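Colleague: I would like to go through some of the labels attached to this model. Please give the criterion along with each value.

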Amino acid sequence: MKSMVQRPVFLVFTLLCLLWMGFSCKKEDGLAPGFDMVFQREFSIPAGIGVFDVHHFQLKNIPSNWEQYLLQHSKTAADITGVVNASASVGGIFGDVDLSVVERISVRIYNESNPNDYVEIAYRDPAPMDSGNVLPLIPSLADSKRFFSTSRFSADVVIHLRRTTQEQSDVRLDLTMRATF
């Protein structure tokens, strides 16, 4: 009689342990296998620019370090299926910038030889009014391998303003691109 009572208790205990283990397993972070490529570029938003114009900040001739990244991760260009934006932000270099002046922002990647052929890799529309010193951008899902697989690329930071800027703001564009395989 004792073994008949122990068997259901054992089964219930085993099922509870399996359920607990199943729910406590950590899932992958959702990223495709690959490696990150990090880029930073500084530029200045001048004082006195207004709300009725679209402002383009051209960041030209940025080294992609494509060959070094491939070598570092023992991959070839053929192994890479795509390059997408993992994260992006614009922030004050010295921590003293008020980016609430930005209403909309877009980061576009292109080859300097043809600036009309670009891919938007990050944006924020509308930008939060309380962004403070750092404005996180929303990564797009656009594949930009054709731009990053060359030795150099250019970026166009397109900004629409809420109000006229009162002082010059020195900012940095931080990009983390994910090369997937």
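Colleague: Which residues does Ser169 touch, not counting residues up to four places away in sequence?

Modeller: Ser169 touches Phe43, Ser44, Ile45 and Val97, where contact means heavy atoms within 4.5 Å. This is a predicted model, in which local features need pLDDT of at least 70, side-chain atom pairs count only at pLDDT 80 or more, and totals for chains, interfaces and linings use all residues. Residues are numbered from 1 along each chain as its sequence is written, and side-chain values use heavy atoms, with hydrogens and water left out.

Colleague: Why is Ser169 called buried?

Modeller: Its relative accessible area is 14%, and buried means under 20%, exposed over 50%, partly exposed in between (1.4 Å probe, protein chains only). Ser169 is therefore buried.

Colleague: Why is His56 called partly exposed?

Modeller: The relative accessible area of His56 is 40%, so His56 is partly exposed.

Colleague: What makes the pair of His56 and Asp156 a polar contact?

Modeller: Their side chains come to 2.8 Å. A polar contact is a pair of N or O atoms within 3.5 Å; within protein, one must be able to donate a hydrogen and the other to accept it, and residues adjacent in sequence count only if both atoms are side-chain atoms. His56 also touches Arg108, Val157 and Val158.

Colleague: How far apart are His56 and Ile105 in sequence and in space?

Modeller: They are 49 residues apart in sequence and 9.9 Å apart in space, C-alpha to C-alpha.
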